[in-house]
Amino acid sequence: MDLQELTRLVGYLKSARPQQRFEPDTPEAWLPVLKHITVEDARIMAPELVRAREWIGPSDIEAAVARLRARRLEAAGVDRLWPNADPDRPVEYAAELRAVRGMVSSGRWGPDELEAYHRGEAGTLTGVEAFVTPARGELKRRKMPRALTG
């Protein structure tokens, strides 16, 4: 979520909870806590927070989105969240497992997309590659500690 999206979200919360005071710099203060959350997930959870809580802070939004993502993973079923990567290549397997879980928990993949991925259909791996490639790159760039290299 960027500052502009967060400003709109805070505006919604301000309208829905007029008793809560929001300062003009509230979005800037909340951004470091919420920048990893998608605006779509925050928008889904905002009405639930407004109904459930009198005062809403960034940690409430973060916790609500975590619950949403956990529900998506649970709905998909743990037995369906395995990656297509070779388990004998643990770095790639772990990265792709994180990617598959990320795609499902973020809502970018529903049941149909997950099934298409497992069938190996073209077009479904591009989303996973967006998640997998940075992790692979980070792992490749790490240097072995001197004690392990001899």
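The following conversation concerns a predicted model of one protein chain.

Student: How many helices and strands are there in the protein chain?

Tutor: The protein chain has eight helices and zero strands. Read from the N terminus, the order of elements is α-α-α-α-α-α-α-α.

Student: And what share of the residues counts as buried?

Tutor: Of its 150 residues, 37% are buried. The chain exposes about 9,500 Å², of which carbon and sulfur atoms supply 54%.

Student: Turning to helix H2, which residues are buried there?

Tutor: H2 spans residues 26-34, and its buried residues are Thr 26, Pro 27, Trp 30 and Leu 34. Viewed down the axis of H2, they fall within an arc of 80°, so they line one face of the helix.

Student: Why would residues three or four places apart point the same way?

Tutor: An α-helix has 3.6 residues a turn, so residues with that spacing point the same way.

Student: What do the buried residues of H2 pack against?

Tutor: They pack against helix H1 (3-16) and helix H4 (58-76). On the face of H2 turned away from the buried side, Glu 28, Ala 29 and Pro 32 are exposed.

Student: Is Ser 106 buried or exposed?

Tutor: Ser 106 has a relative accessible area of 15%; the cut-off for buried is under 20%, so Ser 106 counts as buried.

Student: Which residues does Ser 106 touch?

Tutor: Leaving aside residues up to four places away in sequence, Ser 106 touches Asp 41 and Arg 72.

Technical notes: Residues are numbered from 1 along each chain as its sequence is written. This is a predicted model: local features need pLDDT of at least 70, side-chain atom pairs count only at pLDDT 80 or more; totals for chains, interfaces and linings use all residues. Side-chain values use heavy atoms; hydrogens and water are left out. Helices (H or I, at least four residues) and strands (E, at least two) are DSSP runs, numbered from the N terminus. Buried means under 20% relative accessible area, exposed over 50%, partly exposed in between (1.4 Å probe, protein chains only). Accessible areas come from the Shrake-Rupley method with a 1.4 Å probe; for residues, only the protein chains shown count as cover. The arc is that of the directions from the helix axis to the C-beta atoms. Contact means heavy atoms within 4.5 Å.
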